[in-house]
Amino acid sequence: MKVTTIEDFYKEINAKLPEEIGKYIGHFNIFNIPDMLANLKKDNAMPYNRRMYYKISLINGKNKAEYADKIINIDKYALLFGSPKIPYRYEPLDAKQKGKFCVFTDEFLIKSKSGVVLDDLPIFNSGGYPVFKLTKKEYQELAVLFKKMQAEIDSSYAYKYDLIRNYILEIIHFGQKLQPNTALYTAQTASKRITSLFLELLERQFPIESTQQQLKLRSAKDYANRLAVHVNHLNTTLKEVTGNTTTYFIANRITQEAKYLLKQTNWSVSEIAYSLGFDEVAHFSNFFKKQTSFSPNKFRN
């Protein structure tokens with residue numbers, strides 16, 4: 001199955017990726033559904049893929065949604081949640097489509113910025129309920145939040161992304177309140193619990209707030225030891241639940257922090273390398289270039 005990146009998404013809808021939107025804090029954008037459908041290169045059906053970004057859609061129209069083993073027919077109003085963990089697609093079944101949707105990366109809503117770990121939320125769990133049929137009143141309430149996000153993304157307000165994060169979380173909690181209580185409180189499997197504990201432990205290492213602070217856990221083995229499981233078991237579990245390895249998550253989160261420190265502090269590359277647990281600046285430079293295609297100095301400038 002193809003994995004669709006945020007760059008691939010913009011190609012799918014025949015649109016240019018805006019470089020200025022969330023360039024150093026992850027990506028966020030919001031779209032009108034009729035405009036997006038008009039821009040699609042092929043037909044109106046989005047491909048059934050695993051996507052490396054999150055998507056929340058507020059739909060007004062007749063559609064068919066497919067999530068894993070679920071097929072959901074939508075007659076009019078619905079709220080859809082998509083995450084990197086679950087392949088999905090939806091297909092408009094008539095020409096009378098209205099509504100909006102937003103896309104964002106995990107980097108945009110990391111815990112240090114939002115206070116939550118996305119994959120810990122019931123709405124994004126693989127066994128959750130990703131599609132909710134809405135009443136007209138519920139649709140109108142959510143439309144106000146999407147309208148506010150649109151207004152902020154178009155504004156020049158310095159803290160607009162903080163407001164947008166709050167609106168996203170409000171929409172997520174709106175959806176979770178629509179879930180059956182049993183869906184919110186089902187016991188986690190051992191695999192999901194280990195995954196949740198790992199992601200929480202990883203996020204606790206950040207943010208790096210001084211040049212004297214250094215990451216304590218750097219490798220898959222470090223995390224496995226802290227969680228009292230074998231490193232092979234941790235890797236297998238994460239792969240099973242999320243589709244990604246321990247090393248992927250660690251490298252991705254270190255890269256996020258490195259980007260922030262390079263752009264938002266005046267620390268030297270050597271100090272940043274030390275804080276992120278690299279013994280040699282060269283090792284950090286090689287790592288960063290592998291992850292981003294840029295050297296630290298070039299990214300900073």
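Predicted model: local features only at pLDDT ≥ 70, side-chain atom pairs only at ≥ 80, totals over all residues.
Is Arg204 buried or exposed, and at what relative accessibility? At 58%, Arg204 counts as exposed (over 50% relative accessible area; buried means under 20%, partly exposed in between, with a 1.4 Å probe and protein chains only).

Residues are numbered from 1 along each chain as its sequence is written, and side-chain values use heavy atoms, leaving out hydrogens and water.

**View 1. Arg204 pairs with Glu200.** Their side chains meet in a salt bridge at 3.8 Å, N to O (a side-chain nitrogen of Lys or Arg within 4 Å of a carboxyl oxygen of Asp or Glu). The two sit four residues apart in helix H7 (residues 190–204), so about one helical turn separates them (helices are DSSP runs of H or I, at least four residues, numbered from the N terminus).

View 2. The Arg253–Glu203 bridge spans 3.1 Å, N to O, and links helix H10 (residues 246–264) to helix H7, 50 residues apart. Arg253 is buried at 3%, and Glu203 is buried at 10%. Glu257 also bridges to Arg253, at 3.2 Å between the closest N and O atoms.

**View 3. Ile56 sits in the largest nonpolar core.** That core (buried Ala, Val, Leu, Ile, Met, Phe, Trp, Tyr and Cys joined through side-chain atoms within 4.5 Å) has 33 residues. Helix H5 gives the most, with eight. Ile56 touches Phe104, Ile168 and Ile172, among others (heavy atoms within 4.5 Å).

Technical notes. Lists of a residue's contacts leave out its neighbours within four places in sequence.
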